[in-house]
Amino acid sequence: MKFQDLTIQDMRQKLLAGDLSSVELTRACLERIKATDSTLNAFITVCEDESLAAAEQADQQIAAGNMGLLTGIPVAVKDIFNTLDVRTTCGSKILDNYVSPYDATAIAKLREQGAIIVGKLNMDEFAMGSSNENSAAGAVHNPWDTERVPGGSSGGSAAAVAAGQVVATLGTDTGGSVRQPASHCGVVGLKPTYGRVSRYGVVAFASSLDQVGPVAGNVEDCALMLNVVAGYDPADSTSVDCPVPDYLKNLNAGVTGKKIGLPKEYFIDGLDPEIKQAVDAAIETYRQLGAEIVEVSLPHTDYSVACYYLIAMAEASSNLARYDGVRFGKRQDPGEGLIGMYQQTRSAGFGDEVKRRIMLGTYALSSGYYDAYYLKAQKVRTLIRQDFLKVFEEVDLLLTPVAPTPAFKIGEMVDDPLQMYLSDIFTIPTNLAGTCAMSFPCGFSERGLPIGLQLIGQPFAEDEMLQAAYAFEQATDWNQRVPEV
Amino acid sequence: MKITEKDVKHVARLARLHLDAADLKVMTSQMDAMLGYVDKLNELDTDGVEPMAHAVPMSNAFRDDEVGASIGIERALQNAPESDESCFRVPKVIE
């Protein structure tokens, strides 16, 4: 069996049975990355020596009978996670030389369970983008069609799993940044409920929306990854102190008797016919699996893109104030005093998309405009959340498309930022409302591009959502197809 | 026009960004398009609606004020563009 065909569960069994060592597995992983990454550009940093050393230790752990959930298994993380003594660029020139002095909590949790962190994955600069074209490390190519984008901002995290470079990754999702690339790359990506996973040590973009999420090749591996990273963390005061279920435990509970809502605002005219067809077929599958399908309404959907971008940009402008050339990052000092140093450092270090968002966010928060823009958006956000809470009184889950079209071509949308923002319409509302949601494969376009299905779950009901995704995966074979890379 | 080049220049100063003449032109037109779009929020009557700061109905996560583990001065300074003993160095502020 080839390395790229193994699941986490396969790897665990082989490691436990002694059929394979972690060193062999890690070597195979590094070779796979070497063989494919000149085509894909999914990695910003590969930690070859560190991961082989960690693999040797893992083999000793396994021999001693200490098997964690991920002991000896190579994984990779978006370059937004602080990773001790490893470069963390966040896809930006301004952090080009930044080496993390500590581990993010999610990274520490991966290590606690024995994972081998083989590298840091490409992303849109500061997680701002839907195509992974806004990276100082260059665009990522979609493994299904290398002329196309993998989606963003966690484009590297999704492409790496799709191409079998690693079996699972971590990304972050502020407005769809795990789910949309998972959809475009034909893998499983999950955005947990806001507060479910600690964000300590994750470079902040929009703090009221950001959430850490796993990407994997199938639902079971995704559930295992969520088991590893979920939970309260005193170091993140927005993480929520409530019990974490074992997401693997009742995965095969099925959907019989579950009520699944179809929000009518998500099935609009602009939807690509191939996407509509795939989603309609998925609805039929759920009906056959015993779920009750009902139409529901989320009346404020049409306002979510405007609401989201105002809030995200305002928060970004504040979060990104820290990149001033004082404590870290690349300083540019033309000798014009402190303010001149700030201006030159930031102007040289940030890319166009990041500057645009800082500018809009600063404007929305500036004196005289705050009430009209930021406060207004916060009020609309309440209406959007209320839509969801109301609908969840009637149904257990919502089913929707992930993106209005399959992956588009690299360069196709770069000159039209607003058009790019509008493509996030189906993923954004869940971040505003704070519910959980996930994307998994439900078909392919005629060109052979993957199409994802989105399930939206109630706050902190990731288990129920994973069960429904698992039932679909068992009933279909969409996730069996792999790209030729 | 929702926003003029003069406004954009002012915002750039607030954001500590330098924009040259060409950048300023592009930025003004892109910000104008975006602000035109977000205007649609004004179609909604939000009188009496509470603003929402984040997604979990939770505020003020207090903890005891106790000294905990920290990364230490050397680690904290390892990425500094310029440092001096235990301090970050910046260009001179006061003449």
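Tutor: Start with a definition: a disulfide is a pair of cysteine sulfur atoms within 2.5 Å. This is a predicted model, so local features need pLDDT of at least 70, side-chain atom pairs count only at pLDDT 80 or more, and totals for chains, interfaces and linings use all residues. Residues are numbered from 1 along each chain as its sequence is written, chains are lettered from A and ligands numbered from 1 in the order in which they are written, and side-chain values use heavy atoms, with hydrogens and water left out.

Student: How many disulfides does a search of the whole structure find?

Tutor: In general, a disulfide is a covalent bond between the sulfur atoms of two cysteines. Here the search over all chains finds zero. Take Cys222(A): its nearest cysteine sulfur belongs to Cys436(A), 11 Å away. For Cys242(A), the nearest cysteine sulfur is also that of Cys436(A), at 11 Å.

Student: Is Cys222(A) buried or exposed?

Tutor: Learn the scale: buried means under 20% relative accessible area, exposed means over 50%, and partly exposed lies in between (1.4 Å probe, protein chains only). Cys222(A) has 0% relative accessibility, so it counts as buried. Cys242(A) counts as partly exposed because its value is 24%.

Student: Which residues does Pro214(A) touch?

Tutor: Contact means heavy atoms within 4.5 Å. Pro214(A) sits in strand S6 (residues 211–216) of chain A. Its relative accessibility is 0%, so Pro214(A) is buried. Setting aside residues up to four places away in sequence, Pro214(A) touches Cys222(A), Met225(A) and Leu226(A), among others including Thr169(A) and Val188(A). Sequence distance is another thing to check. Pro214(A) and Ala182(A) are 32 residues apart in sequence and 10.0 Å apart in space, C-alpha to C-alpha.

Student: What should I look for in the backbone?

Tutor: Most residues other than glycine have a negative phi, and most peptide bonds are trans. The peptide bond from Gly152(A) to Ser153(A) is cis, with omega near 5 degrees. Ser153(A) is in the loop between strand S3 (116–121) and helix H5 (155–162) of chain A.

Student: What is the phi of Cys90(A), and what is that of Phe460(A)?

Tutor: Cys90(A) has a positive phi of about 55 degrees, although it is not a glycine. Cys90(A) is in the loop between strand S2 (74–78) and helix H4 (105–112) of chain A. It is buried, because its relative accessible area is 0%. Phe460(A) is not a glycine either, and its phi is positive at about 65 degrees. It lies in the loop between strand S11 (450–457) and helix H15 (462–475) of chain A. At 25% relative accessibility, Phe460(A) is partly exposed.

Student: How many residues does the largest nonpolar core have?

Tutor: A nonpolar core is a set of buried Ala, Val, Leu, Ile, Met, Phe, Trp, Tyr and Cys residues joined through side-chain atoms within 4.5 Å. The largest has 169 residues; Phe81(A), Leu110(A), Phe126(A) and Tyr286(A) have the most contacts inside it. Helix H9 (residues 304–319) of chain A gives the largest share of this core, 11 residues. Another core, of five residues, lies apart from it and includes Tyr194(A), Val240(A), Ala55(B) and Val56(B). As for Tyr286(A), its contacts beyond four places in sequence include Val255(A), Leu399(A), Phe440(A) and Phe472(A).

Student: Where is Arg327(A), and which residues does it touch?

Tutor: Arg327(A) is in the loop between H9 and helix H10 (337–349) of chain A. At 32% relative accessibility, it counts as partly exposed. Leaving out residues up to four places away in sequence, Arg327(A) touches Arg322(A), Asn79(B), Ala80(B), Pro81(B) and Phe88(B).

Technical notes
Helices (H or I, at least four residues) and strands (E, at least two) are DSSP runs, numbered from the N terminus.
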